[in-house]
Structure formats: structure tokens, C-alpha cells
Amino acid sequence: MRNILITGCSSGIGLETAKMLKNEGIKVYASARKEEDVKTLESLGFRTFLLDVTNKEQISYALKTIYEEDGKIDAVFNNAGFGQPGAVEDITVEVLREQFETNVFGMHEVTCQVLPYMRKQGYGKIIQHSSVLGIISLKFRGAYNASKYAIEGLADTLRLELDKTKIFISTINTGPVTSKFRENAVKKFQENIDQKNSAFKKEYETQLNERLNNDKDDTPFNLPASAVAEKILKIMNTDKPKPRYYVTTATYILGFAKRILSTSLLDSILKKI
């Protein structure tokens with residue numbers, strides 16, 4: 001039986017992927033950073049781990065346990081992450097560091113810790129969850145943009161370095177997908193951004209807050225979380241996965257625009273989104 005460790009399975013993409021892969025006969029090790037979420041995953045029949053990607057010991061324990069139980073680790077889906085909204089000048093170094101700790105450094109830690117197991121067994125698949133915002137940038141998303149651009153750089157480099165092995169690195173670039181991502185982003189925005197004293201106070205009041213607090217899935221090209229899960233299943237079912245998978249029409253459109261338009265022309269379009 002093939003197996004996979006998925007980080008960030010409390011809801012949304014992580015949970016939907018875990019369910020779909022489990023239904024397809026893949027042994028899923030589902031992880032989350034909160035005890036209550038782990039208990040929920042257990043009630044759904046998953047083999048679980050309490051795993052915060054910023055905790056090296058929890059990562060080590062999970063990977064060691066999987067390898068001891070199954071004698072292999074077929075795949076890892078680095079899905080854990082969150083978005084920190086706010087203008088770049090309103091993002092303190094501490095807040096930016098927190099964004100990178102989970103989205104980049106945590107992902108990097110999982111990747112570096114699983115690689116020795118995969119090198120030992122001679123194969124493996126590492127799936128890095130990036131975003132359309134790892135391809136293009138949108139205003140008021142600077143911290144998140146930067147973290148996803150960093151993921152792109154690390155994944156692209158690692159893929160070249162592993163060229164002579166059977167360890168495959170695949171990057172998932174998701175566009176608008178139904179999940180609790182926006183709900184969690186609202187909390188981070190309220191906690192970490194001084195909206196009243198910002199040069200962008202008006203924009204925050206009239207644009208960003210309205211967008212973040214909109215609980216309807218009416219974003220153009222929005223897809224359910226299962227759209228991402230289907231890509232992960234596709235990777236699991238192929239011997240040689242592609243280096244990159246786009247999810248949602250928005251990603252295809254903006255990815256194409258990034259390749260063919262001048263920076264100035266692309267900026268003029270992105271400023272309207």
C-alpha cells in the first residue's frame with residue numbers, strides 16, 4: 001500500500017485531499033497542529049500525528065514512525081500554511097518572520113528531514129503547496145506573496161539538484177479555492193496590522209476588509225478543495241509526476257500573462273484585481 005504524509009489537514013485542501021486519497025486505497029498519515037483537529041481526524045479513521053511544521057521534534061517523530069511502521073515513505077504533501085494580509089509597509093519584521101516560519105521554513109524542515117529516508121529507499125515524491133501568488137503578486141498580500149515566491153525558488157532548485165535520483169519535486173499552484181484560508185487570514189489581519197494608523201486605512205476599510213469578510217465563494221474561477229485533491233491523486237498515480245501543476249483557470253490565465261506581458265502592462269492588470 002502506498003503511503004503519504006499530509007501537513008495541515010484540519011480543514012480545506014488538506015482534509016479534502018486526505019479523504020480522497022484514503023478512499024482511493026492510499027494510506028494517509030494526516031497531521032494537524034491542534035489537538036482537537038487531530039482528534040477529529042482520528043474519528044474519521046486516519047492515522048494521525050500532532051504536527052506543527054515549526055516544531056522539528058514533531059516532524060522527526062512523525063517521519064520516523066511512518067518509516068518504522070511501513071518501511072518506506074512514498075510521498076509528502078507540504079500543505080500547511082496561512083496568509084497574512086496587509087500592505088508591505090504595515091508588515092513588521094516579526095510578522096513577516098512568522099509568515100515565513102510556517103510557509104517556508106516549516107516546509108523546508110519537513111522536506112530536509114524526509115529526504116534522507118527517500119534517498120535510502122531510492123525514490124519518493126515531495127509535493128510543495130505554492131500558489132498563483134508564487135507566480136504573480138497582488139497588493140496587500142506582500143508577506144504571503146514573498147513566502148510563495150520563496151517556495152518556488154527552493155522547489156525549482158531542489159528539483160535540479162535531485163535530477164539524478166528518483167525523488168520527484170512537484171509544485172502545486174492553486175488559485176481561488178474554497179477553504180478556511182480567508183477566515184484565518186481575517187484573524188491575522190486583525191491581530192497584526194495597525195489599520196487605523198496605516199497610509200492604506202481607506203483601502204482597508206473599503207476594499208480589503210470587505211473582501212476578507214465575504215463568506216461567499218463568488219470569487220471568479222473559484223473551485224472546491226477537491227480540485228486540488230484530484231491533482232495530488234494524479235501525482236500519486238503516476239510514476240513520473242510533472243514538476244508543476246496549475247489549479248483553477250485564474251492560475252492558467254495569470255501564469256500565461258506573466259510569461260508574455262511586460263512588467264508594466266502586467267502591473268496595470270494586477271492593480272485592478
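View 1. Two strands pair if DSSP finds at least two bridges between them. Helices (H or I, at least four residues) and strands (E, at least two) are DSSP runs, numbered from the N terminus. The model is predicted: local features need pLDDT of at least 70, side-chain atom pairs count only at pLDDT 80 or more, and totals for chains, interfaces and linings use all residues. Residues are numbered from 1 along each chain as its sequence is written, and side-chain values use heavy atoms, with hydrogens and water left out. K27 in β2 is the bridge partner of N3. The pairing of β1 with β2 is parallel and runs over 4 bridges. From strand β1 (residues 3-6), N3 and L5 point one way, I4 and I6 point the other way, and all are buried. Buried means under 20% relative accessible area, exposed over 50%, and partly exposed in between (1.4 Å probe, protein chains only).

**View 2. The aromatic pair Y29 and F49.** Rings of Phe, Tyr and Trp (its six-membered ring) pair if their centres lie within 6.5 Å; planes under 30 degrees apart count as stacked, over 60 as edge-to-face and the rest as tilted. The count by this rule is 9 aromatic pairs. One of them is the stacked pair of Y29 and F49, at 5.8 Å centre to centre with 25° between the planes. Y29 belongs to strand β2 (residues 27-32) and F49 to strand β3 (residues 47-50), 20 residues apart, and the pair links these distant parts of the chain. Y29 has a relative accessible area of 0% and is therefore buried; F49, at 3% relative accessibility, also counts as buried.

**View 3. The aromatic pair F140 and F200.** The ring centres of F140 and F200 are 5.4 Å apart and the planes are at 80°, so this pair is edge-to-face. Because F140 lies in the loop between β5 (124-129) and α5 (142-161) and F200 in the loop between α6 (181-192) and α7 (201-212), the pair ties together parts that are 60 residues apart in sequence. F140 is buried at a relative accessible area of 8%, whereas F200 is partly exposed at 25%. F140, F189, F200 and Y204 form one aromatic cluster.

**View 4. Lysine charges over rings.** A charge sits over a ring if NZ of Lys or CZ of Arg is within 6 Å of the ring centre and within 35 degrees of the ring normal. The charged end of K188 is placed over the ring of F82, 4.9 Å from its centre. For K22, the ring below the charged end is that of F46, with 5.9 Å to its centre.

**View 5. Positive phi at F140 and T248.** Most residues other than glycine have a negative phi. F140 has a positive phi, near 70°. T248 has a positive phi near 90° and is located in the loop between β7 (244-247) and α9 (249-260). The relative accessibility of T248 is 4%, so T248 counts as buried.

**View 6. A nonpolar surface patch.** Patches are made of residues with over 30% relative accessible area and no salt bridge: like charges are joined within 9 Å, nonpolar side chains (Val, Leu, Ile, Met, Phe, Trp, Tyr) within 5 Å. A salt bridge is a side-chain nitrogen of Lys or Arg within 4 Å of a carboxyl oxygen of Asp or Glu. L265, I269 and I273 form such a nonpolar patch, together with about 240 Å² of accessible area (Shrake-Rupley method, 1.4 Å probe; for residues, only the protein chains shown count as cover). L265 is part of helix α10 (residues 263-270) and is partly exposed, at 43% relative accessibility.
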